[in-house]
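Student: Could you take me through a single helix of this model in close detail, together with what surrounds it?

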Amino acid sequence: MSTIEIKGPMGPRYAEILTDPALSFLTELHTRFNATRLSLLAARGERQKRFDAGELPDFLTETRSIREGDWHVAPIPADLLDRRVEITGPVDKKMVINALNSGAKVFMTDFEDASSPTWANMVEGQINLKGLFAGKLGFTDEVTGKSYAVGANPAALMVRPRGWHLPEKHVLVDGERMSGSLFDFGLYVFHNATTMLAQGKTPAFYLPKMESHKEARLWDQVFTYAEEACGLKHGSLRCTILIETLPAAFEMDEILFELKDHILGLNCGRWDYIFSFIKRLGKNPNFLTPDRGVMTMASNFLAAYSLLLIKTCHRRGAFAMGGMAAQIPVKGDDSKNEAAYAKVRADKEREAANGHDGTWVAHPGMVALATEVFDRLMPSQNQINKQRDDVHITQAEMLSLHTGERTEGGLRENIRVGVQYIEAWLKGRGAVPLYNLMEDAATAEISRVQAWQWIHHQVALKDGRKVTPELFKATLADEMAKVREAVGPAIYDKGRFSEAIELFSNMSLAKECAEFLTLPAYEVLD
């Protein structure tokens, strides 16, 4: 019989979540599915070797019958038919309440990229969500005296567990680390699914970082088992898949098919998609990326994949969700604030006009703007009927690289944003406002893989200089001196900047491009 061991400290109310029945459920999830998870992660590594040797991702010949077949996903539940604006954020109590009250249709609460996976963050997030459905989520800020409570018409809740690659080091099953995905998913389902269904709400998830339909198949098996174990009707648990890796974008039909009884739709995870594009093709000199600021959703591989996602989803009766607007309101500067609003407005108008059924924002201040755009351009609950038969996307279009310069400013931005985000993450914060944007782990990943790619190929900048290790180190030192001055020496020196600098530098200068910065960073996290 398998044994489960909790290595993390037990804080207040942790016993309400880490009950014996819940731990037994987690143990069963691990023993049934972890071996397959590990084999699928190994398959990613083998595929990467082929990409490094020059192979390019393409649509699969062996699954052509699925792409050409006539089939549909299960009908969308009534409470999730209108998802025109979704807000995202971490799982802390204040954020959960504010997001639920933001006016958005859906709140995706995030155990993944918008949360630093400290033991306290992960367990206390589960406490908060259980309290929500028990009608007990609320608190009074001890400093300001302000009370927080969930309003009368809150957003529908969706939960994003960690990706398949991330472990939960504080929970061991037979001495083996548990999957962070199964830990987050399992506790939420065990404690809340039955209650939600009794309240007429759908237990729904956002599933991140998948690379193939076989990984989607594993999630379908997990959902089916969880429904059986919890006494739920098949199809009770539903999900939206983030298409945020380059390989997965070539398997969208297949991913929908594998999860057709449980899936709601697909989402354009644009920031992680750029990260994946660089990571998977990083050694190929034909795919040297320009400054990340010029890689927009309006053209090239990003436009192609978003249009294909809309066509694919609508053909199957599924939602095609748009991407994140990371802008946040700029206080005290009307011109910068209006510029931020203009960018969000244009982005959302593009998404709605193309046929997306909804979109993401990172800040409550952007909910009304995004809602106005979708109300104006999508007066119905969704636009699944917009089939986009005019779209015919080829492999070449999916791999069409944006044109633009590589500049010293682009390198400096990668360093500045990447290190500051990692430093905040190491201190337990996963959603970090930097330079008028709400950043999560995806931005740090883009920053370090692009730095790695430019160094690996020693690309020429606009001014003719090559990005050598020496240039990178000098630029890193200069940028960190500026950051220290900006935040103040006392704050800087008491922070975790030295660890963040070492991590960013080591990964940027490494011979091989590491899969995720969150894996080595997790080892020094509480």
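Tutor: What follows is a close look at one helix, its packing and its partner.

The model is a predicted one, in which local features need pLDDT of at least 70 and side-chain atom pairs count only at pLDDT 80 or more, while totals for chains, interfaces and linings use all residues. Residues are numbered from 1 along each chain as its sequence is written, and side-chain values use heavy atoms, with hydrogens and water left out.

At 1.5 Å a residue, the 21 residues of H12 should span 30 Å, and its end C-alpha atoms are 30 Å apart, which agrees; the expected span is 1.5 Å times one less than the number of residues. Just after H12, glycine 355 takes a positive phi of about 125°.

Buried here means under 20% relative accessible area, with exposed over 50% and partly exposed in between (1.4 Å probe, protein chains only). In H12 the buried residues are Asn337, Ala340, Tyr341, Val344, Asp347, Lys348, Arg350, Glu351, Ala352 and Asn354. These buried residues pack against helix H10 (270-281), helix H11 (300-315), strand S12 (319-325), strand S13 (358-361) and H13, contact being heavy atoms within 4.5 Å.

H12 passes H13 in a right-handed crossing, a crossing being right-handed if the near helix is turned clockwise from the far one by less than a right angle, and left-handed if anticlockwise.

On the H12 side, the contact is made by Tyr341, Val344, Arg345, Lys348, Glu349, Glu351, Ala352 and Ala353, and on the H13 side by Leu369, Ala370, Val373, Phe374, Arg376 and Leu377. Sorted by class, this contact of H12 with H13 holds nine nonpolar, no polar and five charged residues, with Ala, Val, Leu, Ile, Met, Phe, Trp, Tyr, Cys and Pro counted as nonpolar, Asp, Glu, Lys and Arg as charged, and the others, Gly among them, as polar.

How values were computed. Helices (H or I, at least four residues) and strands (E, at least two) are DSSP runs, numbered from the N terminus.
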